[in-house]
Structure formats: C-alpha cells, structure tokens
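Hello,

Please find the structure below. Some notes on it follow.

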Amino acid sequence: MNLDALMKIEYGLFCLTAKKNNFDNGCIVNTVTQVTLTPCQVAVAVNKCNYTHDIIKESKEFNISVLTQKTPFSVFKNFGYQSGRNVNKFEDFQIKRSANGLAYLADYANSYMSCEVKEIIDLGTHSLFIAEVTDAQVLNDNPSVSYDYYLNNIKEDLVVETNSKIAWRCKICGYVYDGDPLPSDFICPICKHGAIDFEKIENFE
Ligand code: FE
C-alpha cells in the first residue's frame, strides 16, 4: 500500500471558527465537503487535539471561511500553527461576524457558511461533524486556495533553532523535532500528524 496515493486527493483549505462564551477561536482544516443539498449539509473532520474541536462539540455551531489564493502564510501560521488554548488568535484581526454571531475571515475568504451541527461521528483521532448550512454568503470572486497551491506558492519554511545534527521535520506543516530518533508514537504538536509524516534532516544550519 502506498499512502502517497491519498496525497493525490485535492483538498481546499478553510478556516473553521467557533466561539465559547466571548472567546473566538479558529483553526485551519482541509476536510470540508458538501454532503447533501436538501437539506444543505456539510461534513468536516476535526482533530480532537484542536481546541476548536472542543468548542464546536459544546456549542454545536461553527463558521467555514473558504480561503483564497491571496491568503498570506501569516494567516495559516496564526490559525494553524498555534493553539487557542494558549493564545487569542483573533487578537490582531479585525473581526467580522455573521448573523449567528461567529467570526469569519472577511479579508482572506471568498465566501463563508454558518453551520449547525446535526450529528457527530466519533472517528477515533477526529470527530466528523455533520452540519446544516443555515446561512451562506459570497464575498468576492478570488479563486479558492487548494492544498497543492498552498504547498507550492504560499507555505514558507519555518526557521528553527536546534542543537542537533539530525532532526525530523513534519512534511505536513514544517514543525521540526529537535533530536534523533523520532519516537514512533510521536504526534506533531502543530498539525497532529504522526511520525510517518516526518522526514529526517541532517547537517542543517
Ligand atoms: Fe505537522
């Protein structure tokens, strides 16, 4: 079996936002899919390690911002490379809110959808949220960003400081594990992918 086959699936990239009490949080996901038209429903798989996951499970609502090719790396870094458990990701963002009171990324999305969770399917590491779209708006005609476009045109290498001659880099998000060997059960603290998605890097500066 060659798991690279799954990398051939084209994905979009989205910012999933939710709110707990008055705290806005959001994360980057690539797993939004429309699953039915009547009623209009979407499915999104979210890693249980993400704070946004816990907020959605409790509040049963979220917004999806469909990110465009003009979205800078700093936005992916802000929403994808840190946890809302430690920082307020919206601190430097002008918040725009949809009718449900949740934030959406007006400056970087071409559309957004407001969703109400109807069903949660436990997938082990992830929860699959099946949700009804209660509102949807188009913001502009900028093309949506695909995961492939992001990797080739937007993603920047993270600059890391390490004392080791050998380290392991997450092929998904760029996180560097400082040391060798990489534990076989290691989970990337940023994107939550496992050791299989890390590559060895040697003698780097
Ligand atoms: Fe990672």
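Is Asp54 buried, partly exposed or exposed? Asp54 is partly exposed, with a relative accessible area of 32% (buried means under 20% relative accessible area, exposed over 50%, partly exposed in between, with a 1.4 Å probe and protein chains only).

This is a predicted model, in which local features need pLDDT of at least 70 and side-chain atom pairs count only at pLDDT 80 or more, while totals for chains, interfaces and linings use all residues. Residues are numbered from 1 along each chain as its sequence is written, and side-chain values use heavy atoms, with hydrogens and water left out.

Salt bridges

The structure holds six salt bridges (a side-chain nitrogen of Lys or Arg within 4 Å of a carboxyl oxygen of Asp or Glu). One of them joins Arg85 to Asp54, at 2.9 Å from N to O. Arg85 lies in the loop between helix 2 (73-80) and strand 6, and Asp54 in helix 1, so this pair ties together parts 31 residues apart in sequence. Helices (H or I, at least four residues) and strands (E, at least two) are DSSP runs, numbered from the N terminus.

Asp24 forms a salt bridge with Arg97, with 2.8 Å between the closest N and O atoms. Asp24 is buried at 6% relative accessibility, whereas Arg97 is partly exposed at 40%.

Sheet

Three strands form an open sheet in the order 11-10-12, with antiparallel pairing (two strands pair if DSSP finds at least two bridges between them). Strand 10 (residues 166-170) pairs with strand 12 over five bridges, and Arg169 stands opposite Glu199 in strand 12.

Regards
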